[in-house]
Amino acid sequence: MENTKTALFIPGNTSNKALHDITVDLSALKKPFIKRFTKKNSILPFEDSSSLEFLSEKNDASLLVLSTNNKKRPNNLTFIRTFDYKVYDMIELQAMADYKLFEDFKKTTFQVGLK
């Protein structure tokens, strides 16, 4: 049986309140296999992935989510998968302005371990 993958949520230097709320909701889906950083990190994933690989190995996490925000790419989430603590692939997604959080729905609970 395969071990459960741990997810690491990293706020970028330019992360904002909206991205924080979104990553809190995403991490709630993955609990208890998460680690969330509170300090902002100056990581540019597509330019240098060595810091991501270091954080992946140090925290034993194979999934990483980096949140960044800038004028060209607002409310940006970068999802990173690693294999053997080396970056395997990355995808960048933009959160739209009309996103919904869990608190916006009537039923806010879900079962732990739901896939």
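How many bridges join S1 to S2? I looked this up to begin: 3 bridges join them, and the two strands run parallel. A note on terms: helices (H or I, at least four residues) and strands (E, at least two) are DSSP runs, numbered from the N terminus, and two strands pair if DSSP finds at least two bridges between them.

Before going on, I noted that this is a predicted model, where local features need pLDDT of at least 70, side-chain atom pairs count only at pLDDT 80 or more, and totals for chains, interfaces and linings use all residues. Residues are numbered from 1 along each chain as its sequence is written, and side-chain values use heavy atoms, leaving out hydrogens and water.

**The sheet.** I found an open sheet of 5 strands in the order S2-S1-S3-S4-S5, with mixed pairing. S2 (34–36) and S5 (86–94) stand at the edges with a single partner strand each, so one side of each has no neighbour in the sheet.

**Strand S3.** I then turned to S3 (residues 63–68). S3 pairs with S1 (residues 7–11) in the parallel sense over 5 bridges, and Ile10 has Leu66 as its bridge partner there. With S4 (residues 76–83), S3 pairs in the antiparallel sense over 6 bridges; Leu63 has Arg81 as its bridge partner in S4.

**Ser67.** I picked Ser67, which lies in S3 and is buried at a relative accessible area of 2%. Beyond its neighbours within four places in sequence, Ser67 is in contact (heavy atoms within 4.5 Å) with residues including Ile10, Thr23 and Leu77.

Terms used:
Buried means under 20% relative accessible area, exposed over 50%, partly exposed in between (1.4 Å probe, protein chains only).
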